[in-house]
Each structure stands twice: as C-alpha cells, then as structure tokens.
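Here are some notes to read alongside the structure, for anyone opening it for the first time. Keep the 3D view handy and look up each residue as it comes along.

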Amino acid sequence: MKSIKRTHYCGEVTEAEVGQTVVVGGFVNRVRDKGGLIFIDLRDITGIVQLVFDETTERGIFERAASVKSEYVLMASGELRTRESIKADMATGKVEIIVKDLQILSKSAPLPYDIHGEKKANEELRLKHRSLDLRNAELQKNLILRHNLAKATRDYFYANRFFEIETPMFIKSTPEGARDFLVPSRLHAGKFYALPQSPQIYKQLLMISGFDRYIQLARCFRDEDNRADRQPEFTQIDLEMSFVDVDDVLEILEGFVKHVMREVMDVEILEPIPRLTYDEAVAKYGTDKPDTRYDMEIADITALVKPTEFAVFADAESVRGITAKGGAELLTRKEIDKLIEFAKGIGAKGLSYIRWIEDKPGCSFAKFVSEEKLMEICAALGCEKGDVAIIAADKTKEVFRILGAMRTNLADKLNLIKNTEVYNYLWITEMPFFEYNDESGEWDAMHHPFTMPHDDCLQYLDTGEYGKVYAKAYDLVLNGVELCSGSIRITDFELQERMFKALRLTKEEIEAKFGFLIDAYKFAAPPHGGAGIGLDRLAMLLCGAKSLRDVTAFPKTKDASELMSGSPSEVDEKQLKELHIEITGK
C-alpha cells in the first residue's frame, strides 16, 4: 500500500460513496474478533468508521487484521457498503468498509490506562501521558472548538479593520499585579528580560503610532498560583482602538460575542448585553462577576434590624441576606450548619438564618425579635413558606463578600442551574480606580495606572478621597466568570502625572518602569481604549469544561509543572555560567 494515498477521513465517508473504493488511515479504537469475522473501528480526528474482514478477505490480510491491537496505526483500502445493522449514534453508522488491503503502519505498546474509558484515570497519570490523553474524543472536541474560536476571532476583527500586530515576548520588567517570569540575558550580565503579563504598554504605543485598530492573539505569562481557571501561560484576545470612548469599545466587543456565539456555537444571544455598574453588581450579588443564570439577590435589612436587641445585628455596619426559594426541604438544620461552617472557613464570624417550613418561620435569633418583626424581616428578604434565608452581619465589604460566596454555594447545593447551555453575558462598568489595601493601609490601582478616571471624579484626586474615584473601566462576565477586562486610557500627560502621584510612585520609579511610554505620550496621542479577552476561559465555558487544562493542549499542574516533558528541569553548569548565574540555597 506504499503507493496508496488516503482518499477519505474516517468520519466523512457517507452513503453517497457506497460502492466506491476508499482508503482511510487512523488509530484502532476497538477490535471485535468473532472468529471468522473481524470488526475494527478505525478512528481519526473526524470520527470512526467500521472496517470489516470476513470470508471474502484474502487470507494474509485476515491474519494481519487478527494481529491488530488497540491504538495500532493502520491504512485500509476497500469497498464502502451499507451496514446491515445501522448504528444511529455514529456519524458513519450506516456504512462500513469491506477491506481488500490492510497495512499496519505502527504498533502500540500496552496502554498505561484506558484512554477511552468512561472512568477517567487520575489526572497526574493522564498529564504524564498527555499525547495519549489527547487521543480522547472529548479533549479533541474541546481543542477543535478552541481552534474554531480563534478562527472566528480573527475573521471578525479582520472584517472590522483591525490590524494583527505581534508584540515582543522579551520585554522590560514592570512589576505590578502578578509576578513576572524572568529570563536572564547572556549578553547583558546581571540583567533580565520579563515575559509579558499582557501586551498593555505595547498596544498603547501602537495607538500613539497611528495604527488605529490593533488585534493580537497574544501569549501572556504570569507567575502566580494555579487554579482551575488559571495557567501560568495563556492566550489573550488583545485589542485596542483609537478615537473611542467606552460605548464604542463595548459595541465592537458585543459584535464579537454575537459573531463567536453564532459561528462557533450556533447560538444567537440577545442584544444589547445587560450592564451593571460595579457598585450595583456588588450590592445585588456580592461580587463583580455574578452568575445571573439564577436569582437570589442580596437584600439590605440593616435599617430594619438595627433597633433589635440582637447584638450581632445591632453592632454591625451592615446586615443583609439572600433567600433560597424552595430551599427549606433540602436545607435541613444539619445542612445549614454546614453552610455556617463554610462561611466561617472563608472568614465570616458566623451567619444567621430563617427557615420557614411550618406555618410560621423559625430563625436562629427568635428570642431577640417579636413574631411581627420576624415577619417584617421575611417580607424584606422575600422569604416565604418553603424558603430559607441566610443573613450576614459585619462590615459592608465583608457582608458582600460572604453573601456572594454563599450565593454560589447555595446555587450548587440546590442545583439551580438546570440548563448548562445558557450563556448569560453581563457588562460590569464604572469600576473603582483604587482599591484599599488593608495590609499596607494604602490605596492601590485596581487595574493599571493608565486607566482613565471619569471626569466628575477628578476633584477627589486632590482631596484624597480615592474611594470616590471611578474609572472608565469595564469587565465582561459570562456565567459568573470574568472573560474580559478593559478600559479607556489616559492620554493627558498632566493627568497621568496626577495618577502616578496618587499611587505614590516617585519620579525615579516612573522613569524606571514606564519612562519609554511616558516619553511617547509627550508627542501627542489619540484617545484610545481596549480590552483583553481570555481565549482559554471563553473556550472552557463554551465547551462546558471544568478546567483550563481541558482546553489546553499541554497544560501545567497546580505547581506549574509539565509532567509529560518534565518541565521545569535543571540545566548544566555551563549554561548557568554563560548566563552569569549561580544556584544557591537549593
């Protein structure tokens, strides 16, 4: 068969070609040897087709087929015919190939685990043999979706006059946010490059250069602890636009979301995407990235319960609650105790609750309130017979944080998300420019120091009321996961100096970290803004996957190791000497 070339992919043979000779190649998915009849399911990236060897098969070829094992690589030629027993759950389930010629191209050693089994092997074993794991149909489907997402992204932005421009991978370290990955320079002893956490500064320089609209599927690197939706290296759909304000950027991004959902998922989303300000989102849901596929909004009962004799309420800055509709049957006292322990585990002092399962509601603070007052509290919380209300009392910021986490926990316990194929996008706008650092007692930038504040907030820069300064910044959230973060940038040199001053940056620090950008702004810049969209996170959500590792070809573990290749690894002394590095304290 050396001169024979593949004519069809396994998953693409159809009834239209019945009677024709076809040539397919792929991996052996399964072998069924019935004695005088052998069936081999042959698999490639498009799907599976059944090969048949029977009494009409040449003896040498039949014996060759009998020697085949799982995951061997074969090339087979034969006549396509209609199957007697149709397999409706397989794309090629109406046809099969009567093999006339068979070649074993490569034999597989015994597999370390069942790569197609319903019960998955432990993740460490799968990652160690990642090339095998990637033969699994589910992972292949995920990576193909990711490919289609990347293609749809480029198609959309190209059609909207964006230029795809690559920015450097070896850049100057400007420590902020996550830790940089550092790369030692051989030619410049004692100096280091950093791998980009994002192309932020370079895309702003491109706007100053006059390119007007920039796009890049940029590789980004952050040296931080991993989790399910985080990897040390990831891909960001990075964009920037000139002569725009917030609504212009959001409009182009909404068009992108609509295009991607239609082209990749065959789903039409409702427009416009709803918007909440940061303060509205936190007040309603306890978080700036709420999942709006279910309700359970936070209700403020501070004024109502302050006069009570219950010290937990009376002494708190804020008292608020959420109500789990219909949750009284599932949320027994034992389950509520578990919720309270969960809350304490994330820093809460405790929780109060109302559980209404009898004719009258019961609560954990009954001896401190009258029946009449309890009914008023229930009414304020929207708590009725059959419901459970969870109440937190503390500083306002803490109450929001605790109830936001409790809302997610309850949604999981009560299985509130019945349909996983619902895609609720949400804009979060008017983000605070500063966030207070409890450890240092100082105000830090919530995003980056080049974010444009709203005009009516500039007065607070001079008075030091930094908590009142809001930025022209925005996030895009999908089903409770932040997908996108962006802002309009500061282009006024004097305003930028005021922001640096508010962030306590000295002239020396400014020059060392951002000098080349500041110098560029001195020669005029158009108004501009943009965003970075997590391509990996978006792919994860569209696939319905639980982890970024399920949409990344060769992912890292929680400790940033790549088990298949053994990265990171030690290097020899010669390489270290060339880089002017000595390892100490191993």
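The points below go through salt bridges, strands, a helix pair and one alanine.

1. First, a word on what you are looking at: this is a predicted model. Within it, the count of salt bridges comes to 40.

2. Start with aspartate 536 and arginine 146, whose side chains meet in a salt bridge with N to O at 2.4 Å. Aspartate 536 sits in helix α16 (residues 535–543) and arginine 146 in helix α4 (residues 137–159), so this pair ties together parts that are 390 residues apart in sequence. Are the two partners buried or exposed? Aspartate 536 is buried, at a relative accessible area of 5%. Arginine 146 has a value of 19%, and because the cut-off for buried is under 20%, arginine 146 counts as buried too.

3. Staying with salt bridges, have a look at arginine 154 and glutamate 164, which meet through their side chains at 2.9 Å, N to O. Here the link runs from helix α4 to strand β6 (residues 163–164), so the parts tied together are 10 residues apart in sequence. Arginine 154 is partly exposed, with 29% relative accessibility. Glutamate 164 is partly exposed as well, at 32%.

4. Next comes aspartate 462 with arginine 498, a salt bridge whose closest N and O atoms are 3.2 Å apart. Aspartate 462 belongs to helix α13 (residues 459–463) and arginine 498 to helix α14 (residues 493–502), so the pair joins parts 36 residues apart in sequence. Aspartate 462 is exposed, with a relative accessible area of 61%, while arginine 498 is partly exposed at 31%.

5. Now for the strands. Strand β1 (residues 21–33) runs antiparallel to strand β4 (residues 73–82), and 7 bridges join the two. To find your place in that pairing, look for glycine 26, whose bridge partner in β4 is leucine 74.

6. Strand β1 also pairs with strand β2 (residues 38–44), again antiparallel, through 6 bridges. Aspartate 33 stands opposite isoleucine 38 of β2. The hairpin of β1 and β2 has 4 residues between the strands, and glycine 35 takes a positive phi near 90° there.

7. Back to helix α14, this time for its packing. How do α14 and helix α15 (residues 507–521) lie against each other, at what angle and how far apart? Their angle is about 160°, and their axes are 13 Å apart. Angles over 145 degrees count as roughly antiparallel, so α14 is roughly antiparallel to α15. The crossing of these two helices is right-handed. Phe493, Gln496 and Phe500 make the contact from the α14 side, and Ile510, Phe514 and Ile518 from the α15 side.

8. Last, a single residue. Alanine 281 lies in helix α7 (residues 278–285) and is buried, with a relative accessible area of 0%. What does alanine 281 touch, leaving aside residues up to four places away in sequence? The answer is Leu276, Gly286, Thr287, Asp288 and Ile428. Isoleucine 428 is 147 residues from alanine 281 in sequence, yet their C-alpha atoms are 7.3 Å apart in space.

Definitions and conventions
Residues are numbered from 1 along each chain as its sequence is written. This is a predicted model: local features need pLDDT of at least 70, side-chain atom pairs count only at pLDDT 80 or more; totals for chains, interfaces and linings use all residues. Side-chain values use heavy atoms; hydrogens and water are left out. A salt bridge is a side-chain nitrogen of Lys or Arg within 4 Å of a carboxyl oxygen of Asp or Glu. Buried means under 20% relative accessible area, exposed over 50%, partly exposed in between (1.4 Å probe, protein chains only). Two strands pair if DSSP finds at least two bridges between them. Axes are lines fitted to C-alpha atoms, for helices over the stretch in contact, and angles run from 0 to 180 degrees between N-to-C directions. Angles under 35 degrees count as roughly parallel, over 145 as roughly antiparallel, 65 to 115 as roughly perpendicular and the rest as oblique. A crossing is left-handed if the near helix is turned anticlockwise from the far one by less than a right angle, and right-handed if clockwise. Contact means heavy atoms within 4.5 Å.
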